[in-house]
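Work through these exercises with the predicted model open. Try each task before reading its solution.

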Amino acid sequence: MNSNEHVKQEVAPATRLESLLVDLQNKGLRTEGLTKGGRRGGAGPTDDQAFLLEGQAVMIPTLNGPAEHSPYSLAQGPSGLLLQYEGKSLPFTFIEAVRRPKFYELSTKDGIPYHKIAVLHGADVLASTVIQNCIRWAPDKRCKFCAIGHSLEQGSTIAKKKPEHLAEVVKAAEELDGIKHITLTTGTPNETDRGALYLAECVRSIRQVSQLPIHVQCEPPDDDSLYQVLKDAGANSIGLHVESFDEEVRQKVMPSKSQISLEVYFQAFEKAVAVFGRNQVSTYVIIGLGEDLEKTLEGCRRAAKLGVYPFVVPLRPLRGTELENVSPPSSELMLEVYRRVAAILQEENLSSANSSAGCAKCGACSALSLFEKLG
């Protein structure tokens, strides 16, 4: 059963925080010009902006198609922003935009703005795509949900971040903005180490100036010993992003990346957990690609049994991608997925809180961590 067919009826807007966040992350938010900033293009979920919703750091789509027509909007109240649904304010709902970090105003000695080297994610995470190019970016190879090449084309980032520059930005962001952990991801530069060696080089440089937890992300390298190289460099956790546990969907949506099979990913999970430990390995699982729901949940269960945190997120239809005009999954479907995956996490004693760094720790692009707390 296709998960988009599983539930066809949209839920009414809910008042509980977790349901409200699910709906916001699916439908997006019209900011009405009341906030500045946001991120368009690049790796991972984007076309969004960071907010504090009831004190919880969340990323909400503000720049993609669904957000343009969202029933949710912002209005200016006497003491701050008001969150509205179809023009009516939602009572007792506190929302504010995360402020622009101070380190964005700085540049390297050779004139590269810090915000082109790394950006703030959520409220306290520094993130960088250390290699912006990807061997899978050709039109017939690229992952249909991904916008990694667009930010480079727009000039909002640079192709390759120097390790010494990353260390410089980390030092400034820690001192000026109080960041709590660091995420380093990469486009895939080759079919051998798949970026792991350059990530290790970047981590070593950062370790000379900071002891903050560092999370790295790459495709599974062909040499299992590289997990230990990353660990020895100073990385605390790793993300190996399978994107979907439905092999047919992977082949359709990720024509090049899907050549790394699900079984290879599960073998990689086992090797990575042996080095980094349980709860310190995570994988992105995108809901809304047309996947079979039960295959998805079984994949999450199998990964969790190995000690891998399945970081479930709704499809974010990004501008300029092949899925730009696809509808996100319904909020009712996401509520079911979050509840069932949270139960799996509880069975395996995994949690976002016990992740040392990275997307699972931050949790701002998903509502999963809120469902963990429901017990």
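**Exercise 1.** Identify the buried residues of helix H7 (residues 225-233) and decide how they are arranged around the axis.

*Solution.* 
- Step 1. Apply the cut-off: buried means under 20% relative accessible area. Leu 226, Tyr 227, Leu 230 and Ala 233 are the buried residues of H7.
- Step 2. Look down the axis. These residues span an arc of only 125 degrees, so they sit on the same side of H7.
- Step 3. Recall the helix geometry. With 3.6 residues a turn, residues three or four places apart in an α-helix point the same way.
- Step 4. List the packing partners. The buried residues of H7 pack against helix H6 (196-207), strand E9 (214-217), strand E10 (237-239) and helix H9 (262-276).
- Step 5. Check what comes just after H7. Gly 234 has a positive phi of about 125 degrees there.

**Exercise 2.** Classify the aromatic pair Tyr 72 and Tyr 85, and state which strands the pair ties together.

*Solution.* 
- Step 1. Search the whole structure: seven aromatic pairs turn up.
- Step 2. Take the geometry of Tyr 72 and Tyr 85. The centres are 4.9 Å apart and the planes make 70 degrees, an edge-to-face pair.
- Step 3. Tyr 72 is in strand E3 (residues 72-77) and Tyr 85 in strand E4 (residues 80-85), so the pair ties together parts 13 residues apart in sequence.
- Step 4. Check burial. Tyr 72 and Tyr 85 are both buried.

**Exercise 3.** Describe the surroundings of Phe 266.

*Solution.* 
- Step 1. Phe 266 and Phe 245 are stacked, at 5.7 Å centre to centre and 20 degrees between the planes.
- Step 2. Phe 245, Tyr 265, Phe 266 and Phe 269 make up one aromatic cluster.
- Step 3. Arg 302 lies over the face of Phe 266, 3.8 Å from the ring centre.
- Step 4. Phe 266 counts as buried, at 6% relative accessibility.

Technical notes
Residues are numbered from 1 along each chain as its sequence is written. This is a predicted model: local features need pLDDT of at least 70, side-chain atom pairs count only at pLDDT 80 or more; totals for chains, interfaces and linings use all residues. Side-chain values use heavy atoms; hydrogens and water are left out. Buried means under 20% relative accessible area, exposed over 50%, partly exposed in between (1.4 Å probe, protein chains only). Helices (H or I, at least four residues) and strands (E, at least two) are DSSP runs, numbered from the N terminus. The arc is that of the directions from the helix axis to the C-beta atoms. Contact means heavy atoms within 4.5 Å. Rings of Phe, Tyr and Trp (its six-membered ring) pair if their centres lie within 6.5 Å; planes under 30 degrees apart count as stacked, over 60 as edge-to-face and the rest as tilted. A charge sits over a ring if NZ of Lys or CZ of Arg is within 6 Å of the ring centre and within 35 degrees of the ring normal.
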